Structures are given as C-alpha cells and as structure tokens.
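This briefing sets out the principal features of one protein model. The points that follow the structure are grouped by topic.

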Amino acid sequence: MLFPEVGVTKGDLFEYYGAVAPAILPHLRGRPFTMKRMPMGVGTESYFQKQAPKGMPSWIPTRQFRTVRRGGESRMVDFPLVGTREALQWMVQMNCIDMNAWYSRVDKPDRPDYVVFDLDPPDGEFALCVRAARLLHELLESLGLRSYVKTSGADGIHVLVPITRRYGFDETYAFAEAVSRRLEADNPGVVTTEWLKRKREGVLLDHRQNGHGKTLASVYSVRPKPAAPVSTPLAWDELTADVTPERFTMTVALERIEQLGDLFEPTLAGGQSLGPALKRLA
C-alpha cells in the first residue's frame, strides 16, 4: 500500500505505468535516468540513486557520464536508460513512484531539448501559481516563443519551452534567469526569484532548474503525495484559477490521453531559437 489515503497499491502503480507507457516513454527514452526510490510509500523517506543498481536486468541499457557531487569531486556513473514498458515497470518494482530523467539525450548530453520554468507557490496558494504561470505564458508569447504547461503533480506548475538542440545549459540558464527576473520586476508580490523561503513574497519562478544533470518529474509521473496525483499536461486555456493538482488522478490522466493525445508531444519537437527572444528581452 503506497498511498493509504486513496488505497493505491504498488500493483496499481505498476498497472498505471504499463498503461501510460506509450505516452510517457517518448519523454524518457534516450535520457539518463535517475531513480528516486521510496520503499515504504508516501510520507516516508526517499532517496535518489543515479548509479544503476547491481542486479538490474541486462535488457535495461546504461550509459556512462561523469557527475559532480556537491563537494566538488566527480565520478563516473552508469545511468539506466528507460526506453521500454518493461524497463519502466521495473523502476516501479524498485519503488520509483515518479520518473526523473535529464532534459538532454545521450547523443547530445550538453544540449537540452527545452528550457524549464519550475513554479513553486506559497503553501495553499495554487491559484496564485496559476496566475504566475499565465503571466509567464504571456511574456513568452510576446518574445515569440511557444510554451507548454503541466501540473507538477505536487504543489506547483512546470512550464517548458522547446528549443533547437544547439544551446548549452549555460545559455538556457541565462535565458530562464532573464525571463524570471523580468517577470519578477513587472509583477512584484506575484512572482519572485528569491531562493530563501522565509524571504519570499509570491510564487518562486525557479530558473536554477536549468543545469546539466538536473531532472524534473516527467510528464505523466505519479507524484508521492497523499492523493496520488499525476503530473498532467494542460492546454493553456484549461489553466484556470479553479484548477487543483489533486484533480488529475491516474484514471483522469489516462482518459485525457485517450481523448486528447499527448499534449506534451511538441516539447520534443524543438524548432525554436532563443536568439530573437534574448534581443527582445535586452
């Protein structure tokens, strides 16, 4: 029993990821995968594991990359690559509730597919997060950029801007920071870039998520929250003040895919240049 409040078991999670595999796998395939393991279920301790564990089946491939620890020392890590339904469900067997992979792929590990904006609201103020996300959407549109939104499945909202794979993480970080600080300056009290929670006023627009080796809970991931919510993509006109993350359950996510297809598919298509947008920001 992983989610006692709603009666969701590990078997239920296994079945969900089997069913959602056609939609989620394109967003995981070919990307170094970090295992976020929570053996005892929601509300218990979790830990991240980058190195492929001993005993992992040989039919789950790995790729080796150098990672830098917080202390500054580096090491070579064999990252799993999750590209099949069986590999995805094996991660559930290893107590992974949400699925976390790099923004870049193994063929161009230094070239992300998108710029990430992670919106984190004050406790209990998701409607304010919606307002901040819509302001971000308006600014990005004014810069000539398409963006795509999903509930984080936890407390916030993720906005992705697909780009051509010619920019490095230093460039995507700089762009995200410039956008975030412009939005903060134009909307004090609604948007902030203040990292310290006790000093914040408004929704944190976190540009720091744009870095080599960073991960984000993938679209269609179940999140380790009591109601077992799913990180669900929305059309921008669906993102209204009455939206709540808990509304998007595993059943709802699967129904939406059947009715609407994968609304996040365009995030993998790239095709957008940051150059003109940076000039407009200057």
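The buried residues of helix 1 pack against strand 1 (33–37), helix 2 (85–93), strand 5 (100–102) and helix 5 (250–260). The model under discussion is predicted.

**Geometry and ends of helix 1**

- Helix 1 covers residues 10–28 and spans only 21 Å between its end C-alpha atoms, whereas a straight helix of 19 residues would span 27 Å.
- At alanine 21 the helix bends by about 75°, and proline 22 follows within four residues.
- The N-terminal end of helix 1 is capped by threonine 9, a side-chain oxygen of which lies 3.3 Å from the backbone nitrogen of glycine 11.
- After helix 1 comes glycine 30, with a positive phi near 80°.

**Burial and the nonpolar cores**

- The buried residues of helix 1 are Leu13, Tyr16, Tyr17, Gly18, Val20, Ala21, Ala23, Ile24, Leu25, His27 and Leu28.
- In soluble globular proteins, nonpolar side chains tend to be buried together.
- The largest nonpolar core contains 45 residues, and those with the most contacts inside it are Tyr16, Tyr17, Ile24, Leu88, Met99 and Val222.
- At least two residues of this core come from each of helix 1, strand 1, helix 2, strand 6 (114–120) and helix 5.
- A second, separate core has 37 residues, including Leu119, Leu128, Leu136 and Leu239.

**Two residues and their contacts**

- Apart from neighbours within four places in sequence, isoleucine 24 is in contact with Tyr17, Leu88, Met99, Ser218, Val219, Tyr220 and Ser221.
- Threonine 215 belongs to strand 11 (residues 215–217).
- Threonine 215 counts as buried because its relative accessibility is 19%, and the cut-off for burial is under 20%.
- With neighbours within four places in sequence left aside, threonine 215 is in contact with Thr34, Asn100, Ala101, Trp102, Tyr103 and Gln209.

**Overall fold**

- Taken along the principal axes, the C-alpha atoms fill a box of roughly 50 × 40 × 40 Å.
- Of the 282 residues in the protein, 54% are buried.
- Among contacts with a separation of 6 or more, 70% are between residues 24 or more positions apart.

Key. Residues numbered from 1 in each chain as written. Heavy atoms only, no water. Expected span 1.5 Å × (residues − 1). Bend = angle between axes of the 7 residues up to and from the residue. Buried < 20%, exposed > 50% of the residue type's maximum accessible area, 1.4 Å probe, protein only. Contact = heavy atoms within 4.5 Å. Polar contact = N/O pair within 3.5 Å; in protein donor to acceptor, adjacent residues only side chain to side chain. Core = buried A, V, L, I, M, F, W, Y, C linked by side-chain atoms within 4.5 Å.
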